[in-house]
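Please read it alongside the sequence and the structure shown here.

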2 protein chains.
Amino acid sequence: MTKLYDSLDRIFHPQSVAFVGISISNPFHWTRTFWYSCREFGFQGPLYPVNPSGGELDGCRVYKSLDEIPGNVDYVISTVSAAIAPEIVRNCARKGVKAIHFCTAGFDETGETATAGLQGELTRLAGETGIRIIGPNCMGIYCPSSRLSYGTGFSKEAGNVGFISQSGANSIYVIHEAGWRGVRFSKVVSYGNACDLNECDFLEYLTDDPETSIIALYLEGVSDGRRFLRLIEKAAAKKPVILIKAGYGEAGARATATHTASLAGSDTVWETLCRQFNLIRSKNAEELVDLLVTLTFMPDPGGRNALLIGMGGGTTVLMTDEFERRGFRLPVLPESIRQKLLGFSQLAGNMLRNPIDYSQNMIASDELIRAVDILTDWDEVNFCVGFIRPSQMPPYAWSFMQKWGHSMFTAYRGSRIPLAFICDNAVLPERHTATYSIWQEFVKARIALYYSYPGAAEALRLVVQYNERKQGA
Amino acid sequence: MTKLYDSLDRIFHPQSVAFVGISISNPFHWTRTFWYSCREFGFQGPLYPVNPSGGELDGCRVYKSLDEIPGNVDYVISTVSAAIAPEIVRNCARKGVKAIHFCTAGFDETGETATAGLQGELTRLAGETGIRIIGPNCMGIYCPSSRLSYGTGFSKEAGNVGFISQSGANSIYVIHEAGWRGVRFSKVVSYGNACDLNECDFLEYLTDDPETSIIALYLEGVSDGRRFLRLIEKAAAKKPVILIKAGYGEAGARATATHTASLAGSDTVWETLCRQFNLIRSKNAEELVDLLVTLTFMPDPGGRNALLIGMGGGTTVLMTDEFERRGFRLPVLPESIRQKLLGFSQLAGNMLRNPIDYSQNMIASDELIRAVDILTDWDEVNFCVGFIRPSQMPPYAWSFMQKWGHSMFTAYRGSRIPLAFICDNAVLPERHTATYSIWQEFVKARIALYYSYPGAAEALRLVVQYNERKQGA
């Protein structure tokens with residue numbers, strides 16, 4: 001492994017953490033986020049709150065300064081105001097700290113004279129002291145294996161997705177949303193203004209990281225284009241890479257500048273880059289989540305032949321449109337399988353084609369399970385997608401829908417082909433709880449779950465296209 | 001008004017309804033749907049259950065046949081099996097019934113020899129007897145003004161949207177989803193196989209209907225292309241028309257054939273048609289709902305200059321991308337307004353641009369309200385979109401998000417420009433209930449509410465494009 005890999009791996013796995021600038025008086029203050037998260041996560045080493053007021057926090061001694069802490073401090077999470085940041089770096093250097101995560105905003109992204117030079121000062125100090133800095137203006141590290149976290153409620157289970165996100169809020173959204181659908185992360189870093197460690201460093205690290213097999217990037221800009229090109233080519237050759245490049249137009253570029261002081265760059269350049277290196281380009285955070293679900297649970301559907309099984313004639317037609325519009329094929333159900341199904345099915349023959357509308361007469365669960373078992377054995381199809389839509393059900397049929405979802409789940413077990421299930425997010429609270437319990441069944445069984453028809457079809461298209469290009473290369 | 005208009009208007013407003021084929025023994029049988037719906041809706045005239053078994057249903061006498069009913073019967077909802085359908089038409093003719101809605105499937109859409117000729121027989125009988133037929137294989141009529149309905153839980157309030165849907169399930173989805181977001185319908189008809197009354201008849205009726213000012217169509221095919229062309233041109237000249245043409249590709253066409261026995265037709269033809277007559281083309285049911293919300297609550301945003309106010313730097317960037325990618329502009333906030341805001345805002349200056357990231361430091365509600373008041377007075381923007389995303393919020397900030405939504409709602413009242421609000425559908429049940437209460441505030445105040453960033457941006461783009469083309473013509 002490279003020197004950079006080793007040094008970043010130590011940063012992702014610190015032995016002790018100090019929380020500099022944490023509020024002692026106000027338990028609801030935002031500076032408590034990291035403290036609560038690391039404690040909830042069960043961080044193994046010592047956690048030191050630091051605040052000039054001293055005192056006690058959750059049964060722990062509050063140190064008035066870093067110098068006061070008796071043991072070593074590997075990692076500092078700083079929530080002090082921007083003006084004090086350089087001083088913190090100097091204090092950290094004295095203490096032998098390896099890395100600092102500056103959460104606070106108020107640096108180059110403000111574009112104001114009052115703060116001019118502050119961020120440059122951090123960059124200079126990082127170089128001078130050898131301390132590595134994450135940020136400023138970011139959420140830092142979420143790493144289940146070291147129990148470092150910036151969100152209470154994030155999964156403690158480690159996975160194979162590495163996510164480099166310039167934005168904190170977008171990273172929280174993705175960790176939550178993908179997490180609720182069963183995706184697990186090796187490392188996530190929200191790195192903001194990148195005064196020292198930047199997207200290139202993290203990309204190099206995750207490319208070499210044995211715990212990471214899928215890389216996702218949310219970028220607002222790139223600091224060193226030449227190095228980025230070299231690294232992204234290497235990363236994409238080793239692992240699937242999903243990229244959101246934010247800041248599409250004029251106002252978007254203005255927004256990235258004021259958000260993380262990034263230069264957005266032309267969209268055409270990014271489009272070309274994605275084609276050249278076979279990056280999976282994602283348009284937004286929702287799509288990124290759908291893509292992570294697909295890469296995690298259906299990494300290679302193996303082709304474009306789809307089997308669609310849903311409820312409702314019109315729904316089935318629209319679902320088919322979403323897939324055909326994206327270059328998928330729905331092979332015609334062979335007569336031999338049709339006959340087998342007609343042998344026991346109460347369904348009208350016209351519904352037993354592909355797509356299959358398995359809804360008529362509120363059929364019995366065991367019939368559906370038996371039919372899906374036979375259908376998923378059909379060797380002409382590469383994958384199967386089942387789907388229901390809570391809002392199309394009248395109240396009296398609602399419990400039937402739940403049963404249907406459960407039957408599909410039962411039928412899915414032991415299937416030969418990759419499977420996905422789509423169930424819309426229900427609007428009415430009383431229906432939402434029931435919908436959630438259907439989702440949970442699929443998520444726990446590690447089946448790709450989606451909330452929208454176009455969302456599922458588009459993610460599958462992008463992943464299948466990725467695999468086709470990879471094999472063509 | 002035309003003769004067709006009068007005859008259809010009578011069908012949409014019957015004085016009495018008979019439910020032929022309704023199950024008397026099983027309260028959960030699907031044939032009860034219409035009975036429950038019309039009763040819940042408070043249909044004013046007599047409702048007659050008809051079943052050879054006789055007896056009583058919910059305190060009403062069950063008639064063994066139509067002949068037994070003492071009074072006139074205007075409208076029959078038939079759920080008898082396909083084979084008996086022709087006999088029902090003859091019985092209805094004897095009774096002087098004006099129209100029959102055949103719900104049951106099992107006609108031309110099966111493509112089977114056993115049922116061949118049955119649907120043709122209905123067409124022939126309609127011509128012979130003068131009785132008009134809706135269906136078969138459909139859900140019939142939802143008309144709040146006459147209290148005719150096929151869904152319990154549909155809104156009793158009448159509105160201005162007329163929806164012609166070949167599919168029953170898709171129509172229920174749209175009525176529910178658009179209804180939960182405040183859209184109200186004048187008339188909805190699910191007409192299935194169209195053995196007699198078809199999309200052309202209903203289109204002609206809604207074009208002339210004074211209660212309908214927006215027309216939506218979900219079509220799987222068209223029976224008389226020449227007449228349809230003439231009518232769609234006339235309709236689009238009078239009212240905005242949204243069209244979903246389902247059955248895009250090979251399997252989609254197969255699915256429409258087996259669903260409603262429709263011939264799908266080439267997609268290019270439909271695309272040309274939409275351009276020529278300035279129809280708003282919708283790709284799927286979710287988008288149709290977003291479009292209905294937009295046309296109902298922001299019928300003409302008046303231009304492409306957007307003001308975006310949200311929470312979170314990265315979120316704001318991605319939201320801007322969704323709008324700029326679709327040809328919207330975000331004018332730069334003038335220095336005069338910036339200075340006004342900086343006079344009282346705790347927000348960092350860089351967040352006060354356009355888009356506006358109004359999240360820092362968990363600012364006070366009255367500050368946000370005051371800022372939004374000033375911002376929506378800015379004369380350079382045509383409309384304003386506020387947005388929050390529940391999943392990007394850590395648990396400790398969740399209650400802040402609710403407060404933020406409420407403040408935006410308060411600030412919106414009395415605004416000069418059209419407004420929209422986007423709040424994702426929350427995944428966790430405990431958050432969902434809170435999200436639902438935020439939505440309800442906006443919906444009740446008749447503000448355009450969306451659940452997704454791309455969804456909102458795309459619906460606004462389609463509506464703005466519609467208005468531009470209309471004005472250009």
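Chain A holds 16 helices and 18 strands, where helices (H or I, at least four residues) and strands (E, at least two) are DSSP runs numbered from the N terminus. The model is predicted: local features need pLDDT of at least 70 and side-chain atom pairs count only at pLDDT 80 or more, while totals for chains, interfaces and linings use all residues. Residues are numbered from 1 along each chain as its sequence is written, and chains are lettered from A and ligands numbered from 1 in the order in which they are written.

**Overall form of chain A**

The C-alpha trace of chain A spans about 80 × 50 × 40 Å along its principal axes. Of the 473 residues, 56% count as buried (buried means 20 or more other C-beta atoms within 10 Å of the residue's own, exposed 12 or fewer, and partly exposed in between, with C-beta atoms placed from the backbone). Among contacts between residues at least 6 apart in sequence, 74% join residues at least 24 apart; two residues are in contact if their C-beta atoms, placed from the backbone, lie within 7 Å.

Chain A is divided into domain 1 (3-294) and domain 2 (300-472), with bounds from an automatic or database domain assignment. The centres of the two domains, taken over C-alpha atoms, are 39 Å apart. Across the boundary, 11 residues of domain 1 are in contact with 15 residues of domain 2. On the domain 1 side, α10(A) gives the most, with six residues.

**Backbone exceptions**

Most residues other than glycine have a negative phi, and most peptide bonds are trans.

| Site | Feature | Value |
|---|---|---|
| Gly135(A) and Pro136(A) | cis peptide bond | omega about 0 degrees |
| Asn354(B) to Pro355(B) | cis peptide bond | omega near 10 degrees |
| Asn137(A) | positive phi | about 70 degrees |
| Arg446(B) | positive phi | near 60 degrees |

Pro136(A) lies in the loop between β7 (132-134) and β8 (140-142) of chain A, and Asn137(A) is likewise in the loop between β7 and β8. Asn137(A) counts as buried because it has 28 C-beta neighbours inside 10 Å. Arg446(B), in the loop between α15 (429-444) and β18 (448-450) of chain B, counts as exposed because it has 11 such neighbours.

**Contact between the chains**

In the interface, 76 residues of chain A are in contact with 74 residues of chain B. The elements giving two or more residues to the chain A side include α5 (168-180), α8 (250-260) and α11 (313-324). The largest share, 10 residues, comes from α11(A). By class, the chain A side has 28 nonpolar, 35 polar and 13 charged residues; Ala, Val, Leu, Ile, Met, Phe, Trp, Tyr, Cys and Pro count as nonpolar, Asp, Glu, Lys and Arg as charged, and the others, Gly among them, as polar.

How do α8(A) and α11(B) cross? Their axes come within 8 Å and cross at roughly 175 degrees, which makes α8(A) roughly antiparallel to α11(B). Axes are lines fitted to C-alpha atoms, for helices over the stretch in contact, and angles run from 0 to 180 degrees between N-to-C directions; angles over 145 degrees count as roughly antiparallel. Residues of α8(A) in this contact include Glu250(A), Ala255(A) and His259(A), and those of α11(B) include Gly313(B), Val317(B) and Asp321(B).

How values were computed: Angles under 35 degrees count as roughly parallel, over 145 as roughly antiparallel, 65 to 115 as roughly perpendicular and the rest as oblique.
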